[in-house]
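Here are some notes to read alongside the model. Keep the sequence and the 3D view open, and find each residue as it comes up.

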Amino acid sequence: MAGGGFYYVTQVYTAAFEGLDRGDKSDLREEAVDAQEDPISILLMGVEDYSTDGQAGRADTQIVLTLDPDTNKMTMTSIPRDTLVDIPASKVRQKYAGSHKINAAYTLGEVTGYGAEKLTVETVEDLLEIPIDKYATVNFDGFIEIVDLLGGVTVDVKESFWERSSIDYYKKIEFEKGPMKMDGEEALAFVRMRKRDVAVSYPRDERQRQFIKAGIDEALSPGTLFKIGEMKDVIGKNVSTNLTPGEMLSLRKAFSSDRTSVDTLEIDGENKRLNDGLYYFVPDEESLEETKRNLKKSLDLPVPEDKTYEDPIN
C-alpha cells in the first residue's frame, strides 16, 4: 500500500506541479523547509471560475494549514474571502493597486501577469506575517469532477442543514445528521455553506476540515489507486500545487493519524461598508495579532513577547 500510495502521489504531482517563480522557498524564510522534517505552512485555495469561463477567477476559499511532523500538530485558519487587504503597485499595475477583498488577489495576479497563485500567496503572507511554504489550488468544477471520480466521499455530518446547488440554483441539497456519502455536487455545497443559521454552531472551516481529511483518505484508498490514469487527467486540468510527492504523503499521514491534534484558529472582525460603497471583512486588530502569534508558534518561528497572549494550541 505504501509503495502504491507513493506511485499514486508521484503521478498526481507530475500532472499538477506548478512552481511560484520564487526559487525553493518563501522570501520570509532564511532556508527552505520540507514537510517530512520541518513545520510547514500550506495555503489551500478553492477558485470560482465557472462564471468567467475559466479565466480570472476568484479564490473564494482560502485555508492556511500548518503541519508539524515532530509533534503531529496541525492548525487550520480560514481567511474570510472579503477580508480587506492592500495590494501594492509594485506587484500589479497602478490602476489595480490599493484596497481589495483578498479573494480578488487571484484575479489581479492573473490579469496583470504577476501570477494568480503567487500574488495570492504573497497577499496572505503580508496579512498574517508568516511564510507560506506550499500551496494547492483547485477550481470548483474540478472539485466536483474529482469527488465524482473518487466515487464520492463519506463525511459524518454533525448537524442537519440545506444548501443550494452550485449547478442548479433552484435545487436544494439536504444534509441529514450522520454519515453521508456525497457526490461532487453535494460535497461542494457542504464545504461552501455559510449563510444558514447552523453555520454558527457548525462553521464552514470545521466542515472543510472534515471533508479534507475524508477526501485524502478516499483519494489514497486501494480502490482509487486503480484510477491513476483518470485522476491524472482530471487533476492536471483542475489542480495546481508546488507540493512534492513526499510532502503529499506527509499531509495524508498527518490527517490520517489518530495522534494528530487539529486546532482551528479564527480571525474575528466585522463587515463594514467603506468609502467605495463595498462591504469588506475588517479583521479585529487584537484577534488578527493573536492569530499571527499562534501561527508563528506553530511554525516554530520567533514570537514577539506579549503578556496578554494566550496560547490555545497547548
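**Notes on a predicted model**

1. Start with alanine 59. Leaving aside residues up to four places away in sequence, alanine 59 touches Gly46, Val47, Asn103 and Tyr106. Keep in mind that this model is predicted. Alanine 59 sits in strand E2. Is alanine 59 buried or exposed? Its relative accessibility is 1%, so alanine 59 counts as buried; the cut-off for buried is under 20%.

2. Next, the charged pairs. Side chains of opposite charge can pair when their charged atoms come close. How many salt bridges does a search of the whole structure find? The count is 15.

3. Take arginine 29 and aspartate 133. Their side chains form a salt bridge, with N and O 2.8 Å apart. Arginine 29 is in the loop between helix H1 (2–16) and strand E1 (40–48), while aspartate 133 is in the loop between helix H3 (116–128) and strand E6 (134–139), so the bridge ties together parts that are 104 residues apart in sequence. Both arginine 29 and aspartate 133 are buried.

4. Move to arginine 81 and aspartate 60. Here the side chains meet in a salt bridge at 3.3 Å, N to O. This pair also links distant parts of the chain: arginine 81 lies in the loop between strand E3 (73–78) and strand E4 (84–87), aspartate 60 lies in strand E2 (residues 58–68), and they are 21 residues apart. Arginine 81 is partly exposed, with a relative accessible area of 22%. Aspartate 60 is buried, at 3%.

5. Lysine 101 and aspartate 82 make another salt bridge. Their closest N and O atoms are 3.9 Å apart. Lysine 101 belongs to strand E5 (residues 98–101), aspartate 82 to the loop between E3 and E4, and the pair links these distant parts of the chain across 19 residues. Lysine 101 has a relative accessible area of 25%, so this residue is partly exposed. Aspartate 82 has 19%, so this one is buried. The cut-off for buried is under 20%.

6. Now find helix H5 (residues 184–192). The helix is mostly covered, with 7 of its 9 residues buried. Among them are Leu188, Phe190 and Val191. What do the buried residues of H5 pack against? The partners include helix H4 (140–149), helix H6 (204–219) and strand E10 (178–182). Look at the start of H5 as well. There, a side-chain oxygen of aspartate 183 comes to within 3.2 Å of the backbone nitrogen of glutamate 185.

7. Finish with the empty space. Rolling a probe the size of a water molecule over the atoms shows where such space is left. The largest pocket holds about 670 Å³. Its lining has 26 residues, and the closest to its centre are Ser78, Pro80, Arg194, Arg204 and Phe281. E2, H6 and strand E13 (269–273) each give at least two residues to the lining of the largest pocket. By class, that lining has 10 nonpolar, 6 polar and 10 charged residues.

Conventions:
Residues numbered from 1 in each chain as written. Predicted model: local features only at pLDDT ≥ 70, side-chain atom pairs only at ≥ 80, totals over all residues. Heavy atoms only, no water. Salt bridge = Lys/Arg side-chain N within 4 Å of Asp/Glu carboxyl O. Helix = DSSP H or I, 4+ residues; strand = E, 2+ residues; numbered from the N terminus. Buried < 20%, exposed > 50% of the residue type's maximum accessible area, 1.4 Å probe, protein only. Contact = heavy atoms within 4.5 Å. Polar contact = N/O pair within 3.5 Å; in protein donor to acceptor, adjacent residues only side chain to side chain. 1 Å grid on protein atoms, 1.4 Å probe; cavity = no way out; pocket = protein on both sides within 12 Å on 5 of 7 lines; lining within 4 Å. Points joined across faces, edges and corners; volume = space filled by probe spheres on them. Nonpolar A, V, L, I, M, F, W, Y, C, P; charged D, E, K, R; others polar.
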